Amino acid sequence: MIPIPFDYGTLRLIWWGLLGVLLIGLAVMDGFDMGVAFLNPILGRTDTERRIMINTVGPVWEGNQVWLITGGGAIFAAWPALYATSFSGFYLAMFLVLVSLILRPVSFEFRNKFSGNKRVAWDYTLFMSGLIPPLVFGVAFGNLFLGVPYTIDTLGLPTYHDGLVMGFLHLLKPFALLTGLTSVAMLATHGAVYLAAKTDGTMRSRAATTATIGMLVWLVLFVVGGFWVAHLDGFTTTSAIDINGASNPLLKTVAVEHGVWLRNYQAYPLLYAVPGLAILGAIVAVLLIRAGRFATAFIGSGLMVACTIATAGIALFPYLMTSSLEPSQSLTVWDASSSPLTLWLMTIAAVIFVPLILIYTSWAYYILRKPITEAQVNTPNSNLY
Amino acid sequence: MEHFDPVILARMQFAATALYHFLFVPLTLGLSWLLVILEATYVMTANSVWKDTVKFWGKLFGINFAMGVATGVTMEFQFGTNWAYYSHYVGDIFGAPLAIEGLMAFFLESTMVGLFFFGWDKMSRVQHLTATGLLALGTNLSAVWILIANGWMQDPVGAAFNVDTMRMEMTSFFDLIFNPVAQAKFVHTVSAGYVCGSVFMLAISSYFLRRGQHVEIMKRSFAVAASFGLAASLSVVVLGDESGYNMNEHQQMKMAAIEGMWDTEPAPAALTLFAIPDRTAMKNDAEIKVPALLGLIGTRSFNVVIPGIKDLVAQSDGRIQNGIKAYAAMVAIKKDPKDDAARSVLAANGKDLGYGLLLKSTGVDPAQATDADIHAASLTLVPDVFPLFWSFRIMVACGFWFIALFALAFWKSSRGKFAPNWVQRAALYSLPLPWLAIELGWIVAEYGRQPWAIEGILPTRLGASAVSAPEVLTSLIGFVIFYTVLLVVDLTLMIRYARRGPETNAA
């Protein structure tokens, strides 16, 4: 066996970064097609317009959805305790996400095979599939700051102490609703920018206007969230931290203190550049849209999405999930990972395959680079949805 | 609501969603290679009939593929939602193949499927064929990793218990991926998928040939499906036999159960063709046996003994005794991590810790277990013999029928006989059989592993989440209603688009 060239703490840090990469990949890539799905019945006024919108993401949604599946697999493999605790804890929320994630491909595939009211019904399932996952993921992220009512027993079994319906309703706290709305606004905006780049004529100008308004909504929500989080009770580890220690989340002590969620930013002020870049990305995107440079504007909105997620992740670090009942049983980067061998093997897999994925995905987007036009969707016998 | 057991509900949900997901997967596995064959012929011959053929089957492939992708997400997420302790306990090993599957295979197939459908006018013929080929490769690589994960549940190699983290951890990635059980399962499962795709193509082309419609396209499809299916159906049976051989080494209880073998017989054991197994009395009624055949298949020898269920139960009493020691040592180490005496006890008995957990899963505290408790726990190892015995036999019968069907179809097509004939009628009526065989195969593999989630390591009952019955019941009912509606829509569309037939001379 070849010795692992990194110590355990470094591997954990690498996997915290890769978790971020996968979540950002999910939000940037799958996020725009969720945004397009959400905007479909809002921006598309005729069936032809809605088909144009759907066909901008038609060839790519399947690949994009894999960010979610791979992200799930990576959490399973690299952060099994997080996988066990969060998925079983957010039970009803995960069920809603699953149903909407299934509805989306099904709506894409089935919609054009029906006509009249049945077809319109698929437009609304598509809308729900673009609304629910961003909302639930955003709300869940907000709850990580607030703490979630779970405990872990000495055998490692997590238990969520809240009922089925109440457990779900309790997630909808004001701050979590704000992060949920931020997430919806962010991805709808990102989707609108994508639409502007991939359509022409009135559809394009409508998408461009929506994107500009969306940026403003996102900006307000993001800034409010930033000030709000400074006044929340945060979690802070009070015992000595062994970054190379065994993955057992029951060995530390954690205190709840007012205003500690900004500690990483206060310790390293350079990190404020990350939320700064999110705002810069949004501004650049708006300017480029006004200049008619839609494809380049997509890079700006991608930056906005990526840095919004990074902003939240940096604030939480090293916490992955926080317990409101037993703060000391919160999961951190240092005590919820898989073994060094698994982290190392997964690192090798990621180093080999992520560049390959980026290469063939770029090839696919290059081949499909032309905008979708009305003439195309009205061609008989076409391969389009 | 207290009448409902959340673990049973969670198992029902897993079984229902897995069997449902696997309605779509095998067709994807098989049809993707058939598309490659058809399209390669188009690229070589430049005859547009082949392109029309690819596009027709491609449309049906697309409806099916979307359903497969959509329902696959449920499978992955369910480990976290309903099986949280499983996720914690074996995520270190089990999660890795799932994640690598995403990175290596799923991205590839899902990106290429977009190019397959939307890239016809945007790529050269060779480029498009490359995309189709990568699509087929991706679907099959997916199956490799999923079956490595599943193979590990059947035979958990390359892993050890770590008391400091209270879970199983990977010790050898090499053992995990080159697990012979996983390798045999992979080839058996993908071959079954190829059979499924071939029967699908053979049956639908027979439908049109019998009506004399789209004959140019359908006779080509029929011939390709017949030859691909013949090779695949032979492979399924051969590799199914390999699985049986592996099972006798690693999962003797499952082997004994599917053979309805209550007592150990002198080698070589007889194969029971027909029986009505009775689990409570531990005997079979109305047996019909073929002498020596099982011993030859299961051990490939005349003198190796295949243990019967009763002997296997007796053997596991001892393993539970070891498991009690391991469990006690684990509890001691939890109290005092520096207890070296307990650590050496755990090291000596750790391989049977799962049997201590089995005792715990029957509701008995391993520290206070009596001999009667231990024997009762051993008896829970006896699977439900009747459904396993018969699922297995129906699956095998289907397997042999497919060989016959494809041989007949191959014979007809090699002689150029595509006018309506009885082989086409047989093919049409055989359409549901691959799904029947495949679903029964999974029932044998997974139901036959009970009471274990991970054979010998983690009992299914302990792998569950600490969620209440109403929660699991809500999502179970939700999935059943939702999936049923989707299946109705999916089948309606499949039938409508299959009946509509190919659009010829498409651009």
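Helices here are DSSP runs of H or I with at least four residues, strands are runs of E with at least two, and both are numbered from the N terminus. With that settled, take B:Pro451. This proline sits in the loop between helix H16 (433-447) and strand S5 (452-454) of chain B. A:Pro318 lies in the loop between helix H12 (294-316) and strand S5 (319-321) of chain A.

A word on confidence. This is a predicted model. The predictor gives the complex an ipTM of 0.92 and a pTM of 0.92. Chain B has a mean pLDDT of 90, and 98% of its residues reach 70 or more. Among the elements of chain B, strand S6 (residues 458-459) has the highest mean pLDDT, 96. Helix H9 (residues 293-299) of chain B has the lowest, 77.

Now the two chains. Chain A carries 14 helices and 6 strands. Its radius of gyration is 21 Å, close to the 21 Å of the globule rule for 385 residues, so chain A is as compact as a globular protein of that length. Its C-alpha atoms fill a box of roughly 65 × 50 × 40 Å along the principal axes. Of its 385 residues, 55% are buried.

Chain B carries 18 helices and 6 strands. For its 507 residues, a compact globule would have a radius of gyration near 23 Å; chain B comes in at 25 Å, which agrees. The C-alpha box is roughly 80 × 50 × 45 Å along the principal axes. Buried residues make up 55% of chain B.

In chain B, the figure is 77%.

Next, the interface. 60 residues of chain A are in contact with 66 residues of chain B. On the chain A side, the elements giving two or more residues are helices H3 (61-78), H4 (80-89), H5 (91-111) and H13 (340-367), plus strand S2 (158-160). What is that side made of? It divides into 39 nonpolar, 18 polar and 3 charged residues.

On to the core. The largest nonpolar core holds 293 residues. A:Val193, A:Ala196, A:Ile289 and B:Leu34 touch the most other members. Helix H3 (residues 84-118) of chain B gives the most to this core, with 23 residues. Leaving out residues up to four places away in sequence, A:Ala196 touches A:Arg204, A:Ala207, A:Ala208, A:Ala211, A:Ile289 and A:Phe294.

Last stop, a hairpin in chain B. Strand S1 (residues 159-162) runs antiparallel to S2(B), joined by 4 bridges. B:Phe161 stands opposite B:Met168 in S2(B). Which residues cover the two faces of strand S2 (residues 167-170)? B:Arg167 and B:Glu169 lie on one side, B:Met168 and B:Met170 on the other, and all are buried.

The hairpin has 4 residues between its strands, and B:Met166 takes a positive phi near 55° there. Is B:Met166 buried or exposed? It has 22 C-beta neighbours inside 10 Å, so B:Met166 counts as buried. B:Met282 also has a positive phi, near 55°, without being a glycine. B:Met282 sits in the loop between strand S3 (271-278) and strand S4 (283-290) of chain B. With 16 C-beta neighbours inside 10 Å, B:Met282 counts as partly exposed.

Terms used:
Residues numbered from 1 in each chain as written. Chains lettered and ligands numbered in written order. Predicted model: local features only at pLDDT ≥ 70, side-chain atom pairs only at ≥ 80, totals over all residues. Rg over C-alpha atoms; globule rule 2.2 N^0.38 Å. Buried ≥ 20, exposed ≤ 12 C-beta atoms within 10 Å, placed from the backbone. Contact = placed C-beta atoms within 7 Å. Nonpolar A, V, L, I, M, F, W, Y, C, P; charged D, E, K, R; others polar. Core = buried A, V, L, I, M, F, W, Y, C linked by C-beta atoms within 7 Å. pLDDT = per-residue confidence, 0-100. Pairing = 2+ DSSP bridges.
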